[in-house]
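Hi,

Here is the structure I promised to pass on. Have a look at it first, and my notes on what turned up follow below.

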Amino acid sequence: MAAPRDEAGMSAYLSNETRKWQERAREVANRLVRPLAAKYDRLQEYPWEIKEGLAAAGLTGVWIPREYGGAGGSILDLCVIVEELSKACGGVGVLFAVNALGSFPLIVGGTEEQKKRYLPLIARGEKLVAFGLSEKYAGSDAGGMRMRAIESGKHYILNGEKKWNTNGGAADLYTVFAVTDPTSRSRRISAFIVEKGTPGFKIGKVEDKMGIRCVPVVELEADDCRVPAENLLGGKAGFGFKHAMMTLDRARPGVAAQGVGLAAGALEFAQVYANRRIQFGAKISSFQMIQQMLADMAMKVEAARQLVYASAWAVETEAPDTTKMAAMAKCFATDVAMEVTANAVQIFGGYGFMRDYPIEKYMRDAKITQIYEGTNQVQRMVIARNLIKEVGQLTHLESYIPVETQRGVNPEDLVAAEAVGQSS
Ligand SMILES: Cc1cc2nc3c(=O)[nH]c(=O)nc-3n(C[C@H](O)[C@H](O)[C@H](O)COP(=O)(O)OP(=O)(O)OC[C@H]3O[C@@H](n4cnc5c(N)ncnc54)[C@H](O)[C@@H]3O)c2cc1C
């Protein structure tokens, strides 16, 4: 079932290969995900039947290179799949995308042996994977983590806790970040591939969530957990934070795609409802204020989608502005998701607030996209820092901006004066 705008909208720019992934994901979403979305949201249980369907459709390995058993697809392929799944259920969009998040550290930083051992299993959907960076006292400031890993012969001994591990419990593999060198500023953290069942590795509290309820989010505990030294990511200590940041650059277009999917899915429901609901003897879709809301929603969804595609392209081509593009897409698309889903609830009126209607779930699922994989405040910091760095390439504009002269003022001194002002 093709959405009408596919003929004219951004999808027209996609390659045949990417469109095939999109169509396949849309088929699974409409056949399997949409009918089960409300059930698993209510139960807050992992939908194994959906996971099997995703694996059977060959979607689970799209982002994994062919030499490791995957389909060798692009980040854009991943994004269009995530959008289609999220359109039907935000939780399933995450459930799928989190396996990319968990396996990107292996792809960007794993040894050949590690990649050969784990990636084919993930590609076939036989092993699910989770990403363990955050802790209770280290969220936005992930580098301030406390989980410790100490080398001991052929093992590393892990002790500590992780918070908010998406896919935890369902997953078989965990990319866990821990401090290996507390004295180092730049090489403090390392990543480990921890297999479920490793002695001392436990699933702790299972969270009760506002949205994305079908995918588990848990605490992880490591209590003298002995991880074989060969599971140190990349075989060298001290590169964990770098690999985490590289992972987030690759994964953020996927979170943005979750946002686009949620917004697009909510917009479609709002279109249908507005054209059905009669008040004052007319369809509410004939009222200009409703039309304006729908038009604004549609513009923002399309703009967000375009930014997702552009950021996926930046990641794929290793463009110099990848970090900025990924942050912009994540921030913009997930802000759009929150705004559009809230407006879709508004168009449904009182019914929009009710759990037996499908729309309130979109708003609940959308909220987390503004928070995880770096809050949207953090994304704005990343974007701004990159903009300031780019000033070095804009020196040709300097001469067009007049420099004011004032007796007794040396412009060179102003920076220091301002810095003193800030610290006092
Ligand atoms: C449902 C869910 C799933 C998650 N899944 C995972 C996962 O799979 N793996 C994982 O590792 N983590 C995961 N996380 C963690 C998530 O990435 C963090 O919640 C997020 O990075 C924010 O950290 P925090 O919650 O500690 O908030 P804080 O860092 O405490 O932030 C609180 C507020 O302060 C703002 N803030 C913080 N620092 C600044 C600053 N310098 N300037 C301006 N504002 C600032 C934030 O934007 C936010 O509004 C998940 C979280 C949730 C809720």
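The shell around the ligand takes at least three residues from each of domain 2 (130-239) and domain 3 (242-392). Keep in mind while you read that this is a predicted model. In total, 20 residues surround the ligand, and the closest are L133, G139, S140, T375 and Q377. If you go by secondary structure, β1 (129-132), β3 (155-166) and α10 (376-390) are the elements that each give two or more residues to that shell. Its make-up is nine nonpolar residues, nine polar ones and two charged ones.

Now for the overall layout. The chain splits into domain 1 (7-127), domain 2 (130-239) and domain 3 (242-392). Between domain 1 and domain 3, the C-alpha centres are 19 Å apart, and the contact involves 27 residues from domain 1 and 28 residues from domain 3. On the domain 1 side of that contact, the elements that give two or more residues are α1, α3 (75-88) and α4 (90-109). That side has 16 nonpolar, seven polar and four charged residues.

Two of those helices, α3 and α4, also pack on each other: their axes are 6 Å apart and the angle is about 155°. Angles over 145 degrees count as roughly antiparallel, so that is how α3 and α4 run relative to each other. From α3 the contact uses L78, I81, V82, L85, S86 and A88, and from α4 it uses G90, V92, G93, F96, A97 and A100. Sorted by class, this contact of α3 with α4 has nine nonpolar and three polar residues, with no charged ones.

There is another helix pair to look at, made of α1 (residues 16-43) and α2 (residues 48-56). Their axes come within 10 Å and cross at roughly 175°, and α1 and α2 are therefore roughly antiparallel as well. V28, L32, V33 and L36 of α1 meet I50, G53 and L54 of α2. The contact of α1 with α2 has six nonpolar residues, one polar residue and no charged residues.

Which residues other than glycine have a positive phi? N167 is one of them, with phi near 85°, and F280 is another, with phi of about 50°. N167 sits in the loop between β3 and β4 (173-179), while F280 sits in the loop between β8 (278-279) and β9 (282-283). Is each of them buried or exposed? N167 has 26 C-beta neighbours inside 10 Å, so it counts as buried. F280 has 8 other C-beta atoms within 10 Å, so it counts as exposed.

Leaving out neighbours within four places in sequence, E135 is in contact with M145, R146, M147, E161, K162 and K163. For a sense of how the chain comes back on itself here, take E135 and N165: they are 30 residues apart in sequence, and their C-alpha atoms are 9.2 Å apart in space.

Cheers

Note on methods:
Residues numbered from 1 in each chain as written. Predicted model: local features only at pLDDT ≥ 70, side-chain atom pairs only at ≥ 80, totals over all residues. Near = placed C-beta within 6 Å. Helix = DSSP H or I, 4+ residues; strand = E, 2+ residues; numbered from the N terminus. Nonpolar A, V, L, I, M, F, W, Y, C, P; charged D, E, K, R; others polar. Domains from an automatic or database assignment. Axes fitted to C-alpha atoms, helices over the stretch in contact; angles between N-to-C directions. Parallel < 35°, antiparallel > 145°, perpendicular 65-115°, else oblique. Contact = placed C-beta atoms within 7 Å. Buried ≥ 20, exposed ≤ 12 C-beta atoms within 10 Å, placed from the backbone.
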